[in-house]
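Subject: Structure handover

Hi,

My notes on it follow below.

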Amino acid sequence: ISAVIPQKCIAQYFVRGQDPCSLKWEQIKTEHFRIVFPKDFAKEAQRLAYLLERAYGPVSESLGQEARRIPVLIHNQGVESNGFVGWAPRRSEFFSQAPPDNYGQDWLEQLVIHEFRHVVQLEKLNHGLTKGLTIVFGEQATAAVAGVYLPFWFIEGDAVATETALSNSGRGRIPSFERGLKAQVLEKGTYSPEKAMFGSYKDYVPDHYELGYLMVAHARSHYGRDIWANVLSDVGRKPYPYAFNRALKKHSGHTTTGLYKETFEELKKHWQKDPLFNEPGVEEPLNPTSKLYTNYYRPQFFQDSMVVAVKTSLDKIPRIVSIDPRGKESTLCVPGYIDYNSLDAGAETLIWSETCPDIRWVHRSYSDIFCLKSGSRKRLTKKQRYFSPALSPDGQQIAVIESTPAYDFYISIIDANDGKLIRRYDPPVGTYPMQPSWSEDMQSILIISQDGNGKEILELKLADGSFASLHKAGFIEISGPEMIKGLVYYNAAYCGTEQVYVLDPQKGTSTRLTSAAFGAHDISINNKGRGIYSFYTSDGLKIASLANVSESIAFKNNDNYYGNGFDSILSSQEQRPEFKTDSNLLKAYKTEPYSKWSGLLKPHSWGPFYPNAADYEIKPGASILFHNLLSTSFLSLGYEYDLQNNYGDWSGSYEYKGWYPELSMNIKSGKRENIFSGGDNNTSLEWQKTSANLKALLPLSFSRGAYVQYFRPSISLLYIHAGKTARTLDFFQENQAMTFEYRLSYSLLHRSVARDMRVPLGFSVNVAFMHPLLKEFSAGKILTATSVLYLP
Ligand SMILES: [Zn+2]
C-alpha cells in the first residue's frame, strides 16, 4: 500500500495505467466520498461506502483535520492487493483483491483506514502558505509540499500506526513486520540514519513502512498523540527549507536523526530482553551460506532426498532452487511473477501460482497455477484468479483459493493434469479463506479463515461441504496449517515472534515446536519423521532441519506475548471505528451510472510554467492541466517559452488511453525570426511555424518466465506549416509538409532487480518508415532501423 507523492514536482501527474475499455462504471455518492467502481463490484461498493463513512471521523480525529469529499476509484479486474492516494488530480485508488496471505483484518477495512489516512495527512498540509500556493498552482502545490518535505517513513509509518490503532489487527501487530529491523539491530547493529532511511544496494534495509511505523509509534508514545498533527500543521503553514525537521524539533526536542537514535536505542534494550532472543533454539542452516541477504521461502522435501524452496536475493530475480543432501544448490526453474509463499511440492511435481499481467491493460491481471514436472514448466490454468495451490496426496487434484472481481471467494478443486475446475466450495458466510491444505486421507481440506473475530483454522469436509473449527486464534497471527499424521502444524505468533506450533485436534491443545529468535515458519515433514522449516536471521530466511519432529513435540512452552507494546499505546490514544456491518445500512446508498466521459474538462493544476509530460522538462510559460479520474484522458494547454532561442509557442496536447490503441495529438504554433545578412544591413524575417501530429499506438507487453517483451506498433501523421504573419516580408513563400510515419518497436528484456544498473540481458529493435503525403513539398522516403543489445 503506497502513497504516491513523488519527490519532484515535475513527476506528480501520476498515472498507473488503465482498466479494460469494456467495463461499465457506476458510482455511489456519500457525504464524504464518491466511490466509482466497475458494475460487477456493486454489492461490495455498498459495504465499502459504509466502511468509508464509518472510518471518516476516527481516521481524521487524531490529526484534527476534516477532509473534503474525495473520489475513491476501485480496480477489481486484477489480482494485485494495493491502494494509493494521488493528489494531482486528488483521488484515492483501491485494488480490491485481498492478499492470499492476509492478516486478521478484512482487506477493504484495511484499505479504508490506511488510504484515507493519507488523504487526511495531505489535507492537514493544506493551510497557510501551502493553501496560498494551491491558488497559484492548483492541486499540484499540496503534492509538491508533501513530496519535498514529508519523508516517506513518516507518510507510511503514520498510516500503519493508524491502521494498528484503529483495528484489532494492522501491521503494527504482525511480528514478521518488525523482524527485519529487530534482527538487524540485534545481530548487525543499528545502521546510520541515512542508510536506514535511504536504503542500500549492499545490505538489506527494511522498508520505510517498517522503519516509519516504529519511529511514528515511538514518538506518539513519548510525546503524545498530537505530535504528528502539530508537525504536519507547521510544515503546511510554513513550507520553508528543513520545515519537517524544524517542526519535529519544536514539538519533540528531536531532529529526525535524534528521533531515529532514541527509537532504536530503546527498542534495542527492549528486544534484548526477549526470552527467545536469549535462549533461542539451535538452528543450523542447511542451505549454502551466502554473504548476501538471501531468503528461502517454503522449504519442502522433494523427490526423497532433495529440499526445494523459493529463493530471493538482492542480486537475482526469484527462482525455485533445490538443495541436495550434500548441500549443493541448483536452480530448477526461473518462474514469472511468483507468489513466494505459494510453492507446494508433491512427490515428483512442484506447483505454485504466478501473477500473469494482461497484455494491454495494466489494471487487469490473473493468478494462474503453474507446475514443474520432469524438468519442464507448464502453465496449468489460463486467465484465472487462483491462489495458494495445494497438491492432493495422490497428486491428481489441486485445491486453490479462487476469487472473483465481485469480491466473492471459493475453495476450489482443479484437476492437476489439465487445470479444469472440478468443484467449488463456498466458505462460511462473511469469511475470507486462505492457504488450503489436504488431509492425508483426502477427505477434508484445512484452511485459515478470517472474519470480524480474527483468524481460525477450519476443516472443510469434502463430502458435504461443512466446516468444523479446529482452532480459534483471534487476532494473534496464524498461517499455513498442514495436517500430518493426525496433527496440525501451523505458524503462530503466541510469543510475539512467529513460531511453528503443533495442534492436537482431538484435545484442542497447541504446543510450540520451534524457538527461533526472530521467527520460524512452514514446517515440512518427510515420511521418516524429519522436519525442515524456514527461520529468520538478519541475513534473511534460512532453512533449518529437525532430525525427529515427534520427539521434539514434548517441548515445554511458556508463551507470554513479548511485543513492543506500541499497539496498545496507540489504541488507547484513539477511538476505534465501528465496522459491524448492519444489513439495514448496507442498502442505504443509491447507485448511479458513471460515464467514462465525466471529468474530462475539470482542471486539477495550473501555473506559470509549462511541464512537458514526455520528457519531464519544465519551461517558463503558463499551463493548465486536465486528467480524469479513470486516468484515460489527459489534456494540457499552455504557452511555453524557449529561453535559448527566444521564442514562444502556444501549445496543446491531448492523449486518450481508454481504447485499445492509445491516441495522442498535439499542436504547437509560434513566431520565428531569421536574420539574413546582406551587404551592410541585416534583414530580419519573421514567420509563423505551426506543427501538429496525430498518433495511434498499441502498447502491448508479454511476460514469460524471466523475460518481458514489449511490442509497440504505431502510426503517426506529422504536419508542419510555415506561414506568414502581418510582418512577414513579401518574398516569403508559404509552405507545408505532411508525412506518415509507421513505427514498430520490439524488445525482449530479462527482468532486473534493484541492483542491476541496466537490463542484464536482452535486445530491442526499432524500425520506422516515413513517406510524404502532400505533393507540394518535395521530400523523399526514409527507412530507419536501430537496435540495442544488452549483454551481461
Ligand atoms: Zn500507504
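Start with Arg-364: with a relative accessibility of 22%, this residue is partly exposed. Its side chain pairs with that of Asp-358 in a salt bridge, 3.1 Å from N to O. Asp-358 is buried, at 9% relative accessibility. Please keep in mind that this is a predicted model.

**Other salt bridges**

The count for the model is 38 salt bridges. One of them joins Lys-188 and Asp-539, with the closest N and O atoms 2.7 Å apart. Lys-188 sits in helix H6 (residues 175-188) and Asp-539 in the loop between strand S28 (531-537) and strand S29 (540-546), so this pair ties together parts 351 residues apart in sequence. Both ends are partly exposed: Lys-188 has a relative accessible area of 39%, and Asp-539 has 27%.

Arg-672 and Asp-649 form another salt bridge, at 3.1 Å between the closest N and O atoms. Arg-672 belongs to strand S35 (residues 662-678) and Asp-649 to strand S34 (residues 647-656), 23 residues apart. Here both partners are buried. Arg-672 is at 11% relative accessibility; Asp-649 has a relative accessible area of 6%. There is also a network: Lys-43, Glu-44, Arg-47, Asp-106 and Asp-408 are joined by salt bridges that share partners.

**Domains 2 and 3**

The chain divides into domain 1 (26-272), domain 2 (335-475) and domain 3 (659-790). The C-alpha centres of domain 2 and domain 3 are 49 Å apart. Nine residues of domain 2 touch twelve residues of domain 3. Together the two domains bury about 870 Å², and carbon and sulfur atoms give 51% of that. On the domain 2 side, Tyr-337, Ile-359 and Arg-360 lose the most area to domain 3, together 66% of what that side buries. How many salt bridges cross the interface of domain 2 and domain 3? The rule finds zero there.

Ile-359 is in the loop between strand S12 (349-357) and strand S13 (365-373). Ile-359 is partly exposed, with 30% relative accessible area. With Tyr-660 and Phe-702, Ile-359 makes up a nonpolar surface patch of about 230 Å² accessible area in total.

Is Ser-745 buried or exposed? Ser-745 counts as buried because its relative accessible area is 18%, and the cut-off for buried is under 20%. Ser-745 is part of strand S39 (residues 735-750). Beyond its neighbours within four places in sequence, Ser-745 contacts Tyr-710, Phe-711, Arg-712, Val-765 and Asn-766.

Best regards

Methods
Residues are numbered from 1 along each chain as its sequence is written. This is a predicted model: local features need pLDDT of at least 70, side-chain atom pairs count only at pLDDT 80 or more; totals for chains, interfaces and linings use all residues. Side-chain values use heavy atoms; hydrogens and water are left out. Patches are made of residues with over 30% relative accessible area and no salt bridge: like charges are joined within 9 Å, nonpolar side chains (Val, Leu, Ile, Met, Phe, Trp, Tyr) within 5 Å. Accessible areas come from the Shrake-Rupley method with a 1.4 Å probe; for residues, only the protein chains shown count as cover. A salt bridge is a side-chain nitrogen of Lys or Arg within 4 Å of a carboxyl oxygen of Asp or Glu. Helices (H or I, at least four residues) and strands (E, at least two) are DSSP runs, numbered from the N terminus. Buried means under 20% relative accessible area, exposed over 50%, partly exposed in between (1.4 Å probe, protein chains only). Contact means heavy atoms within 4.5 Å. Domain bounds come from an automatic or database domain assignment. Buried area is the accessible area (1.4 Å probe) that two parts lose on being put together, summed over both.
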